[in-house]
Amino acid sequence: MSGDHTSARIEPWGDGDLPLLERLLGDPAMMAHLGGPESPERIAERQAEYREPGSRQYRIVDPDTAEGAGWVGYWHREWQGGRVFEIGWSVAPEFQGRGLARAGAGLVIAIARAEREPRLMHAYPSVDNAPSNALCRRLGFQLAGAFDFEYPPGVWMRCNDWRLDLAATSAG
């Protein structure tokens, strides 16, 4: 298998995607930069939310195997007195390093751009999450600073605030 994939497909999150979500959000290693693994109950709640039509949550599909390789999605958030989109992603370990997160996030950014409002999209990776911070840079986000977030409730983490102007010309 080549390690140089730059394309992927995204599909709306579906009924059969709970096992993938459990792997992504229930694994301590996968959640090391997000306050630890989520409970089975919280993962089941997310599955129900993600599979609703219009949820803006997508499965990243591996172009070689057509398997679900990860998740990418975006949602509204109140931030510094305004409404913005927040984007997040996660790719299973065996699919990492192949450009699937970048490709999936790029497709989601294009969908968000078509919505026209809000104008700004933010990503908030932990300052210690080097791969996600590098991905933000490669996607054209600008670093706005570091902030402390409480996520999950009771757990404080230092995150970078990466900002993308969705109305600006895409960097490609």
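The following dialogue takes up terms used for this predicted model and tests them against their definitions.

Tutor: This is a predicted model, in which local features need pLDDT of at least 70 and side-chain atom pairs count only at pLDDT 80 or more, while totals for chains, interfaces and linings use all residues. Residues are numbered from 1 along each chain as its sequence is written, and side-chain values use heavy atoms, with hydrogens and water left out.

Student: How many helices and strands does the protein chain have?

Tutor: The protein chain has 4 helices and 7 strands. Both kinds are DSSP runs numbered from the N terminus: helices are H or I with at least four residues, strands are E with at least two. Read from the N terminus, the order is β-α-α-β-β-β-α-β-α-β-β.

Student: Why is the protein chain called as compact as a globular protein of its length?

Tutor: Its radius of gyration is 15 Å, close to the 16 Å that the globule rule gives for 172 residues, so the chain is as compact as a globular protein of that length. The radius is taken over C-alpha atoms, and the rule is 2.2 Å times the number of residues to the power 0.38. Along the principal axes, the C-alpha atoms fill a box of roughly 40 × 40 × 30 Å.

Student: What makes the contact between Asp 17 and Arg 59 a salt bridge?

Tutor: The closest N and O atoms of Asp 17 and Arg 59 are 2.5 Å apart. A salt bridge is a side-chain nitrogen of Lys or Arg within 4 Å of a carboxyl oxygen of Asp or Glu, so the pair qualifies. Asp 17 lies in the loop between strand E1 (9-12) and helix H1 (18-25), and Arg 59 in strand E2 (residues 57-61), so the pair ties together parts that are 42 residues apart in sequence.

Student: Why are Asp 17 and Arg 59 called buried?

Tutor: Buried means under 20% relative accessible area, exposed means over 50%, and partly exposed is in between (1.4 Å probe, protein chains only). Asp 17 has 6%, so Asp 17 is buried. Arg 59 has 16%, so Arg 59 also counts as buried. Over the protein chain, buried residues make up 42% of the 172 residues.

Student: Which residues are linked with Asp 17 and Arg 59 in a network of salt bridges?

Tutor: Arg 9 and Glu 11 are linked with Asp 17 and Arg 59 in that network. A search of the whole structure finds 14 salt bridges.

Student: How do you know that Arg 42 and Glu 45 form a salt bridge, and where do they lie?

Tutor: Their N to O distance is 3.3 Å, so the pair meets the salt-bridge definition. Both residues lie in helix H2 (residues 40-50), 3 residues apart, about one turn of the helix. Arg 42 has a relative accessibility of 27%, so Arg 42 counts as partly exposed. Glu 45, with 44%, is partly exposed too.

Student: Is Gln 47 buried or exposed?

Tutor: Gln 47, in helix H2, has 5% relative accessibility, so Gln 47 counts as buried. Contact means heavy atoms within 4.5 Å. Leaving out residues up to four places away in sequence, Gln 47 touches Trp 13, Gly 14, Asp 15, Asp 17, Leu 18 and Leu 21. Gln 47 and Asp 17 are 30 residues apart in sequence and 7.6 Å apart in space, C-alpha to C-alpha.

Student: Why are Gln 80 and Arg 116 called exposed?

Tutor: Gln 80 has 61% relative accessibility, so Gln 80 counts as exposed. Arg 116 has 66%, so Arg 116 is exposed as well. Gln 80 is in the loop between E3 and E4 and has a positive phi of about 50 degrees although it is not a glycine. Arg 116 is in the loop between H3 and E5, and its phi is positive, about 75 degrees, although it is not a glycine.
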